[in-house]
Amino acid sequence: MAIKIGDKVRFLNSTGGGTVVKLKGKDLAIVEDEDGFEVPVLARECVVVAEAGTPAATRTAAPAYAASPASKPAAGSTPKETRQAAPEPEYVPEETPGGDLLQISLAFLPAEGQASNPSGFEAFLINESNYYLLFNYMSTPGSGWTSRCNGLIEPNTQLRIDEFALEVLNNFSRIALQFIAFKEDKPYSLKRTYSLEQPLNAVKFYKQTTFAANDYFDDGAWIIPLVKNDQPVERITVNPKELQEAMMRKAAQDKAPAPKAAAPEKARGNDILEIDLHIHQLLDSIAGLSNSDILQYQLDKFHEILQEYAGKKGQKIVFIHGKGDGVLRKAIEKELRTRYKTYYVQDASFKEYGFGATMVTIK
């Protein structure tokens, strides 16, 4: 029987139960117990004892003495009746082909009902393997780790492990997860223990394009693979200086004596490229970002463009930074004086941009 919101359920593998108040995807139910706490439980671990709208007098519940071997029979019952109480079925995880290789991911989603303008987010751990995983999920603002959630996730399931507001994103400069994999009551291949760190770019939480369609959730999500085929997913880091040198070497290798017919290519290379660094042109929302976060994001975009065109000599790039209080302009001028001293720099056309733009010519 499919579980619905409003159903009264009891748990198969632990004592307790309550009323289903939410459904997360196809497999997870949020059950409110008698104390008012919401407990996430796999749907297959719940037994419906009263459907939504059923009067309490007609609920079908197990005999009180059947809930625990140590409980006494109800008045008027006999030992024979006690022995005949059917035991609860034992949950056995279903194994999938290829599931003996660990596939683990982390997912971030806007909090329920906040997809268009989120003020908070949820985190889910996705276990696509035939192994149980003991896990520890941590965060840090830069010094010292704080455990945000730890416990057990069953084979081939997903588990909600965190919920946080936009205001606490500064505590998420990095996260880390640790795993120990095992099976119950059967032989299995020994897996390594995992301790994985993941840098988090807080700006990505402000861009709707980060949360894309996926195979795990009905809503858009940011899926971060952690382990694929038993191997940790390596995070590729790029040294900007090395990247620039590689691009210049590649440009030199590709350069060949140009025939006269190639003149149009040179003309196209000299076309002026405009880059608007106003933050509202770069991000969908800046809610929760500090002024320093905004400035850093603008400078990152500035460096990204100069690195992309480092090998295109003669390329003119106009960076539109606006006049404002001059903070961004001064920061750009400093970078040009120190890191890009060989480039030609001038104020862009006053007629077109006023005092709010700088033109850089790649040398």
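Reader: How many helices and strands does the protein have?

Author: Helices and strands are DSSP runs, numbered from the N terminus; a helix (H or I) needs at least four residues, a strand (E) at least two. Here the secondary structure comes to 7 helices and 18 strands. Keep in mind that this is a predicted model: local features need pLDDT of at least 70, side-chain atom pairs count only at pLDDT 80 or more, and totals for chains, interfaces and linings use all residues. Residues are numbered from 1 along each chain as its sequence is written, and side-chain values use heavy atoms, with hydrogens and water left out.

Reader: What share of the residues counts as buried?

Author: Start with the cut-offs. Buried means under 20% relative accessible area, exposed over 50%, and partly exposed in between (1.4 Å probe, protein chains only). Of the 363 residues, 36% count as buried.

Reader: What do contacts say about the fold of the chain?

Author: Contact means heavy atoms within 4.5 Å. Take contacts between residues at least 6 apart in sequence: 62% of them join residues at least 24 apart.

Reader: Show me one residue. Is Asn127 buried or exposed?

Author: Asn127 counts as buried because its relative accessibility is 1%. Find Asn127 in strand β7 (residues 120-127).

Reader: Which residues does Asn127 touch?

Author: Leave out residues up to four places away in sequence. Asn127 then touches Gln103, Leu133, Ile153, Glu154, Pro155, Asn156 and Thr157.

Reader: Where is Asn214, and what does its side chain reach?

Author: Asn214 sits in the loop between β12 and β13 (222-228). Its side chain reaches the backbone nitrogen of Tyr216 at 2.9 Å. A polar atom of the Asn214 side chain also lies 3.1 Å from the backbone oxygen of Ala212. Beyond four places in sequence, Asn214 touches Asp219, Gly220, Ala221 and Ile223.

Reader: Which residues have a positive phi?

Author: The general idea comes first. Most residues other than glycine have a negative phi. Asn156 is one case with a positive value, with phi near 55 degrees. Asn156 lies in the loop between β9 (146-153) and β10 (157-165). With a relative accessible area of 26%, Asn156 is partly exposed. Asp185 is another case, with phi near 60 degrees. That residue lies in the loop between β11 (174-182) and β12 (194-199). Asp185 counts as exposed, at 78% relative accessibility.

Reader: How many salt bridges does a search of the whole structure find?

Author: Side chains of opposite charge can pair when their charged atoms come close. A salt bridge is a side-chain nitrogen of Lys or Arg within 4 Å of a carboxyl oxygen of Asp or Glu. The search finds 14.

Reader: Which side chains does Lys4 meet in salt bridges?

Author: Lys4 meets Asp7 at 3.8 Å, N to O. Asp7 is buried, with a relative accessible area of 0%. Lys4 also meets Glu51, at 3.6 Å, N to O. This second pair links distant parts of the chain, 47 residues apart: Lys4 is in the segment before β1 (8-11), and Glu51 is in the loop between β5 (46-50) and α1 (79-83). Lys4 is partly exposed at 38% relative accessibility, and Glu51 is partly exposed at 36%.

Reader: Where do Arg329 and Glu333 lie?

Author: Both lie in helix α6 (residues 327-338), 4 residues apart, about one turn of the helix. Arg329 counts as buried at 18% relative accessibility, whereas Glu333 is partly exposed at 30%.

Reader: Which residues are linked in a network of salt bridges?

Author: Glu95, Asp100, Lys183 and Lys186 are linked in this way.

Definitions and conventions. A polar contact is a pair of N or O atoms within 3.5 Å; within protein, one must be able to donate a hydrogen and the other to accept it, and residues adjacent in sequence count only if both atoms are side-chain atoms.
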